[in-house]
Structure formats: structure tokens, C-alpha cells
Amino acid sequence: MLGVCYYPEHWPEAWWAKDARRMRDMGISFVRIGEFAWSRLEPKRGEFDFAWLDRAMDTLGAAGLKVVLGTPTATPPKWLMDEYPEIAPVDQQGRVRGFGSRRHYTFSSEVWWRESARIVEIIAKRYGEHPALDGWQTDNEYGCHDTTQSWGAEDLKAFRRWLRLRYQSTDQLNEAWGNVFWSMEVASFEDVVLPNLTVTETNPAARLDFWRFQSQQVAAYDKMQCEIIRKNSPGRWITHNFMGFVNDFDHWKVGENLDLASWDSYPIGFVEKFPFSQEERNRWAETSHPDIAPFHHDLYRGVGRGRFWIMEQQPGPVNWAPWNPVPKPGMVRLWTWEALAHGAEVVSYFRWRQAPFAQEQMHAGLNLPGSDELSVGGREAEIVGREIIETGVLPATEQAPVAIVYDYETYWATVIQPQGRDFQYHDLAFRWYEAVRKLGLNVDFLPPGTALEGYKLVLVPSLMMVADAALQAFSAADGIVLYGPRSGSRTRQFAIPENLPPGPLAKLAGVRVTQVSSLRPGLDDAVSGAVSGAAIRWREYVEADGEVLATFANGDPALTAKDGHHYLACWPDQELLRQTLTHLAAKAGLETVSLPDHIRLRKRGGMTFAFNYGTEVWAIPAGANVVLGETEVKPQAVSAWKE
Amino acid sequence: MLGVCYYPEHWPEAWWAKDARRMRDMGISFVRIGEFAWSRLEPKRGEFDFAWLDRAMDTLGAAGLKVVLGTPTATPPKWLMDEYPEIAPVDQQGRVRGFGSRRHYTFSSEVWWRESARIVEIIAKRYGEHPALDGWQTDNEYGCHDTTQSWGAEDLKAFRRWLRLRYQSTDQLNEAWGNVFWSMEVASFEDVVLPNLTVTETNPAARLDFWRFQSQQVAAYDKMQCEIIRKNSPGRWITHNFMGFVNDFDHWKVGENLDLASWDSYPIGFVEKFPFSQEERNRWAETSHPDIAPFHHDLYRGVGRGRFWIMEQQPGPVNWAPWNPVPKPGMVRLWTWEALAHGAEVVSYFRWRQAPFAQEQMHAGLNLPGSDELSVGGREAEIVGREIIETGVLPATEQAPVAIVYDYETYWATVIQPQGRDFQYHDLAFRWYEAVRKLGLNVDFLPPGTALEGYKLVLVPSLMMVADAALQAFSAADGIVLYGPRSGSRTRQFAIPENLPPGPLAKLAGVRVTQVSSLRPGLDDAVSGAVSGAAIRWREYVEADGEVLATFANGDPALTAKDGHHYLACWPDQELLRQTLTHLAAKAGLETVSLPDHIRLRKRGGMTFAFNYGTEVWAIPAGANVVLGETEVKPQAVSAWKE
Amino acid sequence: MLGVCYYPEHWPEAWWAKDARRMRDMGISFVRIGEFAWSRLEPKRGEFDFAWLDRAMDTLGAAGLKVVLGTPTATPPKWLMDEYPEIAPVDQQGRVRGFGSRRHYTFSSEVWWRESARIVEIIAKRYGEHPALDGWQTDNEYGCHDTTQSWGAEDLKAFRRWLRLRYQSTDQLNEAWGNVFWSMEVASFEDVVLPNLTVTETNPAARLDFWRFQSQQVAAYDKMQCEIIRKNSPGRWITHNFMGFVNDFDHWKVGENLDLASWDSYPIGFVEKFPFSQEERNRWAETSHPDIAPFHHDLYRGVGRGRFWIMEQQPGPVNWAPWNPVPKPGMVRLWTWEALAHGAEVVSYFRWRQAPFAQEQMHAGLNLPGSDELSVGGREAEIVGREIIETGVLPATEQAPVAIVYDYETYWATVIQPQGRDFQYHDLAFRWYEAVRKLGLNVDFLPPGTALEGYKLVLVPSLMMVADAALQAFSAADGIVLYGPRSGSRTRQFAIPENLPPGPLAKLAGVRVTQVSSLRPGLDDAVSGAVSGAAIRWREYVEADGEVLATFANGDPALTAKDGHHYLACWPDQELLRQTLTHLAAKAGLETVSLPDHIRLRKRGGMTFAFNYGTEVWAIPAGANVVLGETEVKPQAVSAWKE
Ligand SMILES: [Zn+2]
Ligand SMILES: [Zn+2]
Ligand SMILES: [Zn+2]
């Protein structure tokens, strides 16, 4: 199904009915509205103007559209910021981040929670049972513009409160953080300071706790909104629109509040944001890399426990990357089908009509700026609208053969302590995903601690802190498991485990890590054996009590195996990664193909989709029963078939 | 004529008479003094010491030198900063920029205006009719060190005042800026905040208005000084010394206050400042790029409505660039003649004698540090002094066949909204100038809205906001016109025009822009047709109702023509730019040559000058009547001839 | 002899005795303790807990170990920072650098001096005559994390005090700094502001004075500690542990307070810190560059007037560089022997056991994290422990044939006024050292002004400010002297000398510098004559009244000679430097060899050591009497022989 993001407050009321009709005509079923409209809903404290939104909802409903209503908390209005300046967040350098754009609040402010609850309740009460209302979006893009963390007086107050609950006594805090190290011991929780603006690096345990605290605040704040909505809007679902490559808070936890996950898919903009090489950036500049959107589809399908939407789908060039090329013809259609193939329930374009004013005036919409004329992307969306009807209901999404265990704390830990400048968790996880997808396999993402039954191959790119639940899940896994570097290398309190890394995994994996080496670009360490290639960026020195499948140049173990549990003691280069995953997939009894760089497959039930991100045609398997597209998948095209 | 910058306060009084005599002897006629001397003229509030300046003026006058007196407002003294700390500017990060160097004031401070008026009036009254006084310089290098804009409380107060006058009501302001977008609406002008230190980007319309406001303050402040001087110094002219590649304020507006423009020419330092490639930087490191100084000569001849000086001419290595090489032998002479060829009335070297102390001790002068011995540059200046006498009066500068419309607001708009990281207006304008100069043509710079009669070829590298006057001038043009990318792409309020770009130019140019693509380095789009080459950095998707002269690879129009008005829908690479300008020059009936990279010509009346920036000799046309230099123009040499 | 850094407060008391015994068993004689333990010694103001340290000292002493006790002033505890917030330093951007790591104090705070004196006296009284105590370390790593300078109110107050003493009157200050230049004159010492946060660069003379002031504070603060210790701990020696490539304060001056110097040797981490090329960084990533540690050994042997220790020796990978590779096998042993060859009395490893918690948990120790198991580095140290016994007492270190005059003020001056972005004094000095070491020669470092008797070759890479004592020492030198670029180019007050550079050296060296050119990467100037190669980065234009040994392409002097005094008018590339030093060594009657890039020699008395940093074997001279290692020096190996 298709949807669109719409801002009635941006356009003359006279346009609304026509807009709604044109949406319906092109196959759009859902409209998201309202998430930035606070200043129009409550222009002054306590003075509300809901009439316009009433009429907008009625108009959309009358056209047969279903509404997703956003709570407007991403943009507190000026009068509120003036009443309570402490709402404004503070950056890591100590500067107040003031009014004038969006997301100008800290999750630590109690006043802000009270004010958020107030506006959400008022809106939930008014529209909770509106006939056009299908569901809710809480706030907008948590974490966007680096807003998970704030470094002000409110944050310090809340952090101390959080620490007091967690540690009970400063003795326990001092012990947990190792504060004896540099006379950093505190005698009272009021002695704790924020881990910024110090002479040199702050205690990594303190930083990790600060990050956890902020992440938990995001989840709790979201839960507060969800509870108010649920009470006042029975029978409606709730989602939040997550982002790509944002790892600052634990998405699994926020997902637990929601009925379904959604995310904002800007495949081309992310090409500049992810740490690709310049060659990759140039190659994928106008199509995006073929795994960027799928990575997030699979991740957020997990976060939504099987259910997810694209809440904002890029419909053309955007405005926020360093360069913003026009997508190649066909890509808007391809991305839409790709999301559906990965299980999206709805793909909602951002936005209906390009705004001729303000910060996003260079962000394309389905219609040209301020006009009723479809853009290139709008015309592609129209085609998908027809194709969806022709193709009919898609088969259900099934459990994938491969699971990737994805962990936000590990991301924080590697940011806090990279040890090698280019050790970035999301980069590592993405490369593992890319490699397994090139083998033609479906992938599910799971939080650590999830039961792994039924997965033939479980990939753990890295999991620095292994909780009991995770250990039990790994122990009970019935498939092949592969742990990557730094797994189990820290206790919950960011200490090195007594038995050395991989700590709790030592017995399962049969290894002990005695040294680690981070390698600057240009250095590598050759690996050979059952698989070969090279270690780059990171290389561990391990002792193994199981089988050694491959070794480094000096004979040390590089890849080990013990009862189905494998340990890869390095950051693998592309070749080593490819061989390792191919080897383990075979061991797991999985049939793989070797796809060209620009082709990806995705199975949804008995239906297989192929997507062409490159410049050369790709032929689908002979004899397939084509249900979408052609047997020759042209550049920027998609095909689907049943076997 | 030659001049020099001199600081009597830096040297023992006993040296002054000898200095003056030596200046006169080497052909110097003008001496600029006084522009940093406030602490010596008024050591404490109300306690003046003019005796030394009296004697200095008398001494210079007695030697037959004419004085240009600078107002000392670029360096408010310590006691004044202590009395009124609010004079100090604030940087974009919120830090006060304090005493200890220069230009430590914000144009927004009312106290500062009052104090400036006071000191200017006192000086103008005292020296306004001094027999040695020829003219005035207001302040020094407005905008230097990023001082056009300031971000403090004084600035916010003044900005609100300015907005109230401009918009009358907050409804109009909210509408003009599109403040509804992210609940940014204000209920009072006191709600307006400065467009900095926000969570993400601020409203571009707000930023543009803030920039206009600051630019207008510069012009108004300068006008205040000019009016006081005019009242107290009848018959003397006024100038200001502008800088190279500073676009932060509208120089056309400041120029309106002045009798003539002047600028500070440091050709070698600018090689590091302008966004050249590393290859270009290495190639031109010791001569400067052959279009840097000429670009500014032609620009400031326009700003001065035909009259301009070089107020500060680089006489050797300087101190402020990342690297500061010694110019190749001959370059000081070449630059001096080049300025004269472009119409400069006076070339004034900075400075008479290298200062052995303080911030500019590594800045060469005509004399070695603290000495009476000419430097290499001093000896070249001496030669030019003789040559000027030998060559006699130069013919008058005539209107050029080619006009470039140069617009400061477009620069601000592209800084505010680059959309592609390397879209910089001054880079684009410079490349167009370079290309047309390589065809051997003289160029005039004009502000948008100037009548274009008599120009055979009018180049508009980009003009984002097209005012009525500009539209009328283009409509009335009797030559060939070429508009570059993004022209007409914004309304005065920084909105996308209702009829889409190029907005007001749509009818004239016969195009409509529906999409734009910014291309990262490494991407391009081939262009072929009547002209060929490639688009880099920026490519527009246009619909044309006129003739299509060249197309992109997919067949879209790249260069269009309609009744002499042309539209170039991209940032052209060097080859496409060369072919386009050659094609249009031919269409305009202009004879062109194809000059080597290192040779440039300039006609002044019937006299043609040739300048050699390279390493190979260049022969002037056979049979020319040489009046300066030789028929073989050697490296770093200049020749001139009459036909 | 060997030592180790130990933190009893990090481990259960039950472990101490075993730790001590294991240290002793592996050949360790010295243990440094206590330097970060303030919060454990004085948990609250006036409440002391010395019992644990008493027991720790006793335990170590009982095992036959000698203790080096550090004063704990590098880590003031939280309660003290709360009592006196003015102790915290302020960064150059005006931000307070707060509690939470270490070195969070400014040397300018009078309260801090009082509190430092208090704790040092208490500790010195308690342990000054403890039988296990061998000596003291003051504070820890002055200047680490950019802490020599602080930019707060306390610093301004102290700076004004310092200036008043130095200049007596503001007239003298204004004159000395050239404050007339931009109306920067002050009427009172209270008018002086810190040289930061100005609109453009501040007065270089003011910056240099500010740097001197801060450097002097470091030396005076250290002296204060030393005097208290000496009074209370008769017969014990005092050192401070200096760092590598830290030039922010004058180490010669601090050295004067001490009985011996020591430094913290992290050869691999420094590969990333020093401005090497990327090629060099890759090549030496896992061994370090063969001159990094020796450079500092020779420098600190000078600072310690012949006596020095390695207080912290890298025993494996560290945690603080951008990348932290594991050293190649053998390097820990090689570095230890290398330090001994250069005259170190003790090599003390940092640290006994890797800490599993806090900021340095990724810093290797002699034992694995939290365990009693030796690491790779620990096992190499154990081998050295045995070898030291086998080899016996080493011969005494003798005066080297070559002296390098090393000057901290020149470093400050080039940071303040680089003039060419890549002119860095320590880079230049290092390259000269590297070149002379490749000739197989021993080197001593000397402060300017030291008598030069007995040195056959005196190298002065640059000495910008030449004091009388230095001039006299050069005049009295009985060897060949070579002055590098910018020598003598500034007076004590950072002015250009009246007679032009090299100022006081002009007569000795027989040159006058009239222009300088800084050359961007990619530019050079060929040199030929008695030596050849090229100038890069920096090239001077000189007039010579002595012999011209080599010239630049245009015939100007590049290398001159006058009565044994030579002047090199450029930054030499590797070839020119090699030829110049070879030429002058021959002139000085020194026998040289031409070592491969990866081999270095060091003579200690009649014993010669060879160190192999490369990948190819190197054969020692035939017939040598090998006393350590083999006749074929393998990669990462060391050999020593007597002739
Ligand atoms: Zn969004
Ligand atoms: Zn200037
Ligand atoms: Zn250390």
C-alpha cells in the first residue's frame, strides 16, 4: 500500500480537497499529517485552534484516505521555549541549542515531559476516535541532528538521579567505574559531573552509562506518549518514524512501545552519510548502494516485531546531503517495490508537494514546488500504485535462514573506545549484511537475547557486552554461529572480563584473546586456510582450544570453530568476509548464489524479487513465472517471479 | 601614478623628511596614512595629540607628496573598549571577539556609531582642508577577518529593529519566511532570534535577511563617515579600500557612497584563498593566477563607476597566507602595469618600509625591515616610476564589449544554501571571467539592474534573485545574453518562484527548471551539440520553448537560445565553458583570439597590453608599434603597443 | 637496570607481596608508585589514609625493591576542585576544563600552589626517609594534554603580574611589543588581555611572552615541589617524567631542578603524533621509526646533565594513538637495550599489570589484564632482565662528537609565526638528527649557551632568538658549526633585528637574509655545488661575505662557509641534508658510515650497539667481539660488540 506525508497547514485550504482526490486517484491510501504543527494548534499557551485540523481530517477522510496523526513534540513553539528555557538542549561543547529549527528539547527536562504529556493528551482526546484516523506517529525522528544526548544542567540532574537508582551507593559507583584510576572517586552522587569538557578523555564506563541513561530516556519518553495515546485512542496503532544509520539510542527498546515500526528511507542521501570509500560513493551516487535501504528494512522489520512501514520515502533529490543528485529514472519505483519485498506494509512518500519555502525547499515531493503537477518521482509512484493493484496481495514474509544480532550498546562502546580510528560498529555490521546478501540470502535482524531457533546461520558482527540472556540464546542456537571481533570483550560495566575476552563466550567459542592490534589504512595481515583473504583495521591474538580453520601469517588462529560456534579474530577484508560467509553458509546447509555487485534478491513467501542497481541487464532464472517486470531485469528495474 | 602606504607613527620623526624625499625621488606621488593611529591621536578619552600628525602631513606635503588620510575606526583603542564592551563583535559560536588585533567592533552598536562619528568629525575638521590632503579613506578593509557579521545582543536588537521596519507585522514576517514550516512562527518581533546555534539549519530566508541587514549596516556606516567628511573637507574625494574575494557585503552599495573605489591587491596571497585545485595552486604560486588581479580591477572599476585605485599593492612576499612565497622577479612591475592597463588611476604599494615588529613583520615593503634600503619589490617599483614618465599619459579606458553581471546576494544565497558542497558563486563567476579573458576580450562588471546598452555580450554566471530593474535591463539588452544555472531560482524572500525557476526570466530565456542535481566530484554529465563538454557539480533538468543548442546525454536541453537570450543549465567544465563563450562571442560579432593559459591582453583605448604569467616567451602581433617592453614578451614581462 | 610502574591501590592488598616477588624474580629493581593516588591518601580535606601506602611501601621494600614515589598533584581530587573551582584550567576557546580525567589545574592559581605545597610536604615528611624509598618523581608528565597553557582569569592575573616585573612600565611594554601597530597600546598593566579570542591574529611578541610566562610557571612550580622534597627527604634524588614531542615548556629549565631526567617512551604511539608522511607511518607502524626513541634518549640525557631514566617504557600496544598496533616481536627488548645503549640508568615499564577498567584499559602491561600471567612484552622484559646480568656493567657514556643545539623558544616562535604552514621546529630538528644518525655518529643535545668545547660538529637546526651566551658559545666553538634557516631572525622581543637576520650571528656566519619564501608542497628550488639536492618548504635570499659552497638555481647562495661557521639558507630535502652533513662531518674530521634506513648504531664507551628496525638482516663488522646478540642482526634484534 502507498501513503504520503502531507502538511495542510502549508497550503490554502481551498487546495485540500483536490489534493486528497489526486492522492486517492494515484493509489495512495494513507496520509501522515500534523507532526510539526504545534504553533498552529496552540499559538499561545492555552489558546487552541483545532478547527483547521478538524477540517483537514474531515476532508482527507471524505476522500477515502486514512490518516496517521503525528504528535507535534518535535517542534515546541517559541512561547513555550520562552516560558521554560531549560527545555533547550545543550551541545557537548556546552552551547545551548536554541529555537529556530527543530528538536530543540532535552529528554531530561521534567517540564518538557509535563508539557509533552499535556499537548499529546489534548490531541489524543480530540482526534483519538476520529473516523479518518488509522494510527499515530509519536514525535518525529528521535535522535535526528544528534539530539539523543544533551549536556546541560537538566541532564546532569537527571543523570545523577539515574545513577543513584542504579548504584545505590557511591562505593558501588566508584568500584563499577574504576574511579580510583586517576583519583576520580566521588563521595556523593552530587560529585558526579557530565563526561564532557575534561582535560583528556573521560572514563569510558561513565560515558557508557551516560549513553545508556540518555537512550533509556528516549524510550521512556516515547512510552509516556504511547500510554496517553492508547488511553485516548482505542483500537488505533502507534508507530515512530526511525531513521537510517542512527544508532544513538536503543531502537529495540523504543520498538517495544510500538505496534509497528516505521523508518524514513532516503537511500541516496545515506550514500554520503555512511563511511563508504570515495569510489563507492561515486558508483552508487545516483541509485544508492544496493544494501542501504534493505539493511534498514530488515532491521526495522525486526524492531517492529514483523511489522513495519516506510513513513518517508525519498521521491527525488533531497536537500540535506553534501551533494544531492537526482536519482536515476526508475529508482523511486525500485525502492518502493524493494520495501514491499522486504515486508513493508505501507510505503509513504515524503512529501506530497515540494515546499517552495523554508529549510526543505530543495527536497523533492510527488508534486513540483507549490504546484499540482507530478514530479518525476510522482509519476513513478503513480506507476507503482497501478502495479500494486495488478500484482495483488503479496505472500507473507517468512523467517529468514540467516539472523544478524544487532546491538546498539556495542555501537556506543566502539564510539567511546574505537582503539582504531576506523573501527565503527555500524560499518562492520553493514559489511557483514552486504556480504551475506550477495549470496542471495534473506536476513532477519534480532536484538541480543532473542531465541535463535530455526536460524541456520547466526551472525554476530560484534557484541561487546554479552548479557546472560544473549549467552543462553547462543548456547541454545541450533544453527551455525559466527562471532566477530571484540565480542564479549567487556563486562556490563565496561571492564575487561576476568577471563579475558570473549568473556562469557569463551567456553562456547573456545578462544581467549590476549592482545589486539588496530591497523592503520595500508596495513593488513594475510589469512589463509579453509578461507583466505586479509585482516584490515583490527587483528586479535587468540588462543584456541577448538579447530583452527584459518590462520594469520604468523600461524596464529584467525578463524576458529567449536561445535558450530565460530570466532573470527579480525576485521575481514571483502575477500575474507566473502569466503568466510560462503564457507559457513555451506556448513549450515544453505544454498547460495554469487550475485554481481549490483544485483540483489529478496524472497517474500514463494515470490522472489530481483533489483538492478547497476548498468547491465541481469536475466532472472529460466522458466520462472514472472509476476512483475520482465525476464531481463534492466538497469534500475525490478522483477518478481514465483517458482 | 604611484602611491605608498606609510606609518609615520612607526618611525622616529627624524626619518620622516628623508622618507618623503626618497618617495618623491622614486616617482611616488601619493601617501596613505593614519588609518590605524587612534591610540596615538586620542591616547585617553578626550585627550588628543595631533601635533605629530600635523608635522607628518606638513613634512609629506613639503616634499610634494599628496596625502590620503584614513579614518582610524578599524582599531578602536583599549580605553574605548573598556568604556563600552558592547562594541566588541561576537562570533557565530557566541564568543566575544575581543581587543588585541583589529576590526573589533560590530556595526550594530549605536555607541560605536556615535564614537565613530565623533572621531571622524574631529579628524575631518582638523585636516579637511590641509593643503597636502588629496582625499580620504574611510575605515580600512570592511569585512576583513569575517567582520561583516556579528552575532551578539547588539546585533539581535538591531536586527529586530530592521525587521520591524521591513515587515511591519509578524504576520508578514511569518509569511515571508515560511515560519509555519517547523512551528517557527513568532508572535512579536521580540520573538525573533539570531539564525545561529540552532539544532539544525536555520531558515534560509531568515539567514538571507540577516545577511542583508548586516550588509546594509556596512553601507550605512560608511555613508555616515562620508557625510561627515564631505561636510568638513570640501573638494576632497573619498574612497574605501576593498579586498579581494570578500563578498560578505554588497560592494555596489558602499561604492555609491564613494568618489572612487580602491582595493588591496595581494595576487599571490589570493592563490591560497580562492578554491583553486592543488595543481593550479602549484602552477601559479609565485606569479599568481593571471586573472586574479584583473578580475578585481575590472570589478572595482565598476564599483567606482569608472574610477579606481590600488590602495595596497603587494610588493613582495606577505605574511597571511598558509604559504608565502617570494614573487618571481618582475611580478611587482607586471602587476603595477596590469592595474594601470585596467584603468587604475594610482597604484599604491603596501607599505613603504617593512615593520620589524608586530603582526605584519613578515609582510614585505618597498624598503627592507626598519631600513632605507630598497627591497626587490622597491627596485621594481622604482623602474615602473621611470617607465610611467617615459610612456606618458595613457589613453582613456573605454566601455568593454563584454559585461559580467555580478551580484552579492547570489553569493550569500549560495553560501546559505549550496545544495552541492562545491557550488560557490564567486568560483563560478571567476571561471566565466577567466574563460572570456582567454578569448582576449575586455570585460566590465555591472551590478544587476544596470542598463546594458552597448554590450555585445552579457554574461550572468548566476543571478538567483532577479529584481524588476534587472529584468528590465535584460529585456532591453541589445547584445547576446547568457544566464547561468540557478538564475531566477528564488524570489526576493528566498522562496521558489510560483512558475518555477528561472522565475521572472522564464519568458525571456524560454526555459522552466523542474529538477536540479548536484554532482559530487567524479560525476559529470556529457553535453554535445553546437557546443560540447560536460556538466560538473550542478545539472538542471529544463524544459525549453526556444532553440536547443546542446543537450545532455539523455537528450535534455543543456544550452538553449531564444531571441538572443541563452540559458546554460549546468556548471560547465572548462571545455564546455570555452566552447559556449566562443560560440556566443561569435554570435555577438566579437573577434576573439585563443590565448595560451599564461598570457592575457588588456586594451586601454587604442593601446594593447600583454602580460606573461608563464615560463615561455610570447610574441606580440607583428608590426605593432611597441610603446612599452619588447616584441617578445618574456616570462613575468609586460609589453604594450598601439596598432 | 629495570623498573616498573605499579598501582597498589588498583589491586587487592592480598596480591601485593606476590606481585613484588614476581617483579624481583624477573630482574626488576625499581617500582614507581603513588602519582595518581590523592583521593586515596586524602579522601576528604584533612582526613588522611596513609596506612595502605605504608603497607605497600613496606611490602615492596621487603621484597628488595626500591621505590620511586610520585607526588599526586596531577590528579587533584573532587573535593578540592569544589572548594576552589579556580584551580581548573581554561582552554584557548574560553571553556573550563573540568574534573573527570587528569591534569585539571592551571599553574597560575595561587591556591593551587598552596594546596600542592601542602600535600607534597605531608607526603615528603611521611615517606622522605622510608628505607624502601630511592627517589621522587614530581607530579606527572607536565604539559600532557596541552596543559602548559591555560586561558582563564587566574592566568590573566598572573600574566599581568609577570609583565609588570618584566617591563616595569607600560611604555616599555608598548615599545617591546610594537603595540603602536594597530592602536594596541595599553595605559596600564590592567589593560593587557590574554592573546586569544581576538578578531585576527594577536601580537606575536605578546604570544611569545605569554608562552614564556607559562613555561616559567611550570619550572617554578616544579622547583617548589623539589625544594619541599629536598628539605624533607635528605639523600634521595628527584626526577620528573617528561614526554616525547612535547615542546610547550622549556625542559632545560625544569631539568635544572632535578637530579636526573626521565621520560616516557612510547615509540609506536609517537609514529602517529609526529608529522611523518603516510608512507613513513605505514613503514614504521609496528616498530616505530628508528630515531624516535633515540632522539629523546639523547635529548633527555642532556636535560638530566648526563643522567636519565625511562620512567615509562611501552610494553605492548597502547590506547591513545589513532591506531594502536601490536609491536613486532622483539621490539620491547630492542627498545630496552636501545635506551641502555644511549645511557639510561633504568628502564621502567609502564605498567606492571594491564588495568581492566577506566581510561587506560587498552594499554598493555607486563601482565595481562587483572592477571598474573606475563604478556608478550612481559616475557621480553624477562629476557632483558637475564641479559643485563649476563652482559654485566656497561661502559660509561662519553661525550659525543656531534652536538645539536635544541631550543624550546624557537619551537614556540615557529608555532606563533610559521609563515609557511609546514615549518615546524621539531620536525626540522628531528630530520637533522635522523640524517646525522644515519652517518653512524653519536649525538648530544645541548641548550643554547652551553660551552661547545670538544664537539667536532655543532648543528643548530634553527635558533631564532640568539642570546649573548649562545653567541659567545658559538664564537668559542672549536668544531665545525652549521646554522639552519631562521637562525638569529628575531630579537628577544620577537622583532626583526636591525641588521636583518641572522642578527647577532651575521658576523660569525657572514650572511644577511633579505627575503624569505615559504614553499607549498610541490614547490622546490634546486641546490647544487659542493652539495646538491633541493630546498623545500622554506628558502631564504641571502647575501654572503664568505665562501659560497652551493647555490640555488638562480645563483643565490644556499650553503655558505666562513671560518668553520656555515649557514644553510633553506629547509633541505633529504638528499641535500644528507650531502650537507656528510660534507661537514668530513670537514670536521669525523669518520662516517652510510647506514641503511632501518639500521642505527650507538656507542657506549668502547661498546657499539646495532639495532635493526627493518625486515632485512644486517651483518656487524667482521671480527667484532660480540657481547650481546649475534653477528647477523635479525629484524627487531639488537647486537653489541667491543672492538
Ligand atoms: Zn524526515
Ligand atoms: Zn591591508
Ligand atoms: Zn604516562
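Start at the boundary of chain B and chain A, across which three salt bridges are found; a salt bridge is a side-chain nitrogen of Lys or Arg within 4 Å of a carboxyl oxygen of Asp or Glu. This is a predicted model, in which local features need pLDDT of at least 70, side-chain atom pairs count only at pLDDT 80 or more, and totals for chains, interfaces and linings use all residues. Residues are numbered from 1 along each chain as its sequence is written, chains are lettered from A and ligands numbered from 1 in the order in which they are written, and side-chain values use heavy atoms, with hydrogens and water left out.

**Stop 1: chain B against chain A**

Select Glu272(A) and Arg520(B). These two form a salt bridge, with the closest N and O atoms 2.6 Å apart. Now widen the selection to the whole interface: 42 residues of chain B are in contact with 53 residues of chain A, where contact means heavy atoms within 4.5 Å. Chain B and chain A bury about 4300 Å² between them, and 55% of that is on carbon and sulfur atoms. Buried area here is the accessible area (1.4 Å probe) that two parts lose on being put together, summed over both.

Colour chain A by confidence. Its mean pLDDT is 98, and 100% of its residues reach 70 or more; pLDDT is the predictor's confidence in each residue, from 0 to 100. For the complex, the predictor gives an ipTM of 0.96 and a pTM of 0.97.

**Stop 2: chain C against chain B**

Show chain C and chain B. What rotation superposes chain C on chain B? The rotation is 120°, with 0.0 Å of shift along its axis, and the RMSD is 0.0 Å. That is the relation of a three-fold axis.

The contact takes 42 residues from chain C and 53 residues from chain B. Select Trp182(C), Val199(C) and Arg520(C): in chain C, these lose the most area to chain B, together 20% of what that side buries. There are three salt bridges between chain C and chain B. Arg40(B) and Glu185(C) meet in a salt bridge through their side chains, at 2.7 Å from N to O.

**Stop 3: the zinc ions**

Select ligand 1, a zinc ion. Which residues coordinate it? Glu141(A) and Glu312(A) do, each through OE, at 2.2 to 2.3 Å. Glu141(A) is in the loop between strand S4 (133-137) and helix H6 (153-167) of chain A, and Glu312(A) is in strand S8 (residues 308-313), so the pair ties together parts that are 171 residues apart in sequence. Donors are N, O and S atoms within 2.8 Å of the metal (3.2 Å for Na, K and Ca); water is not among the atoms, so sites may look incomplete. Helices (H or I, at least four residues) and strands (E, at least two) are DSSP runs, numbered from the N terminus.

Move to ligand 2, the zinc ion coordinated by Glu141(B) and Glu312(B) through OE, at 2.2 to 2.3 Å. Glu141(B) counts as buried because its relative accessibility is 5%. Glu312(B) is buried too, with a relative accessible area of 4%. Buried means under 20% relative accessible area, exposed over 50%, and partly exposed in between (1.4 Å probe, protein chains only).

**Stop 4: an enclosed helix**

Select helix H15 (residues 408-416) of chain A. Eight of its nine residues are buried, so the helix is largely enclosed by the rest of the structure. Among the buried residues are Tyr408(A), Tyr411(A), Trp412(A) and Ile416(A). The buried residues of H15(A) pack against helix H8 (204-232), helix H9 (251-257), helix H12 (292-303) and helix H16 (425-437) of chain A.

**Stop 5: salt bridges within a chain**

Over all chains, the count comes to 146 salt bridges. In chain B, select Arg301(B) and Asp298(B), whose closest N and O atoms are 2.8 Å apart in a salt bridge. They are three residues apart in helix H12 (residues 292-303) of chain B, and therefore separated by about one helical turn. Is Asp298(B) buried or exposed? Asp298(B) is buried, with a relative accessible area of 0%.

Next, select Arg95(B) and Asp91(B), which meet in a salt bridge at 2.9 Å, N to O. Arg95(B) is partly exposed at 28% relative accessible area, whereas Asp91(B) counts as buried at 16%.

End in chain C with Arg333(C) and Glu387(C), a salt bridge of 2.9 Å from N to O. The pair links distant parts of the chain, 54 residues apart: Arg333(C) is in helix H13 (residues 331-341) and Glu387(C) in helix H14 (residues 376-391) of chain C.

Terms used: Least-squares fit on C-alpha atoms with pLDDT ≥ 70 in both.
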